[in-house]
Amino acid sequence: MIVRIMGEGQVQVAERHLPALNKLDDELLTEVESGDQDGFRRTLGALLDAVRSAGEPLPDDSLEPSELILPAPEATLEEVKAMLKDDGLIPG
């Protein structure tokens, strides 16, 4: 799966990492819905760190379509809330 982190670039993430990423995504969804700013900031950082460590960066000049787009690390709770779907940022 090709994941874009807004403002950073794309990484190729193996499907086997999706369960762990979905767990963090579920936590993030709960924190956004409850307005937990501190939890949101912590979990967003953890989710992005997990994607970076699990993924293999694609070259900057690569123009692959992203299957998933994640917010930038500095995104606000309100910006992420606008990006959320019923099951969070990561489908599944």
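**Pocket, sheet and helix**

Visitor: Which strands each supply at least two residues of the lining of the largest pocket?

Guide: The model is predicted, so local features need pLDDT of at least 70 and side-chain atom pairs pLDDT 80 or more, while totals for chains, interfaces and linings use all residues. Residues are numbered from 1 along each chain as its sequence is written, and side-chain values use heavy atoms, without hydrogens and water. A pocket is an open set of points on a 1 Å grid over the protein atoms alone where a 1.4 Å probe fits, with protein on both sides within 12 Å along at least five of seven lines; lining residues have an atom within 4 Å of a point. Those supplying at least two residues each are strand 1 and strand 2.

Visitor: Which strand gives the most to this lining?

Guide: Among the lining residues are Gly9, Gln10 and Val11. Strands are DSSP runs (E, at least two residues; helices are H or I, at least four) numbered from the N terminus. With three residues, the largest contributor is strand 2.

Visitor: In what order do the four strands form the sheet?

Guide: Strands pair if DSSP finds at least two bridges between them; three bridges join the parallel strands 1 and 4. Strand 3 (56-57) and strand 4 (68-70) are the edges, each pairing on one side only. The sheet is open, with mixed pairing, in the order 3-2-1-4.

Visitor: Is threonine 43 buried or exposed?

Guide: Threonine 43 belongs to helix 2 (residues 37-54). Beyond its neighbours within four places in sequence, threonine 43 has contacts (heavy atoms within 4.5 Å) with Leu24, Glu27, Leu28 and Glu31. Buried means under 20% relative accessible area and exposed over 50%, with a 1.4 Å probe and protein chains only. Because its relative accessibility is 4%, threonine 43 counts as buried.
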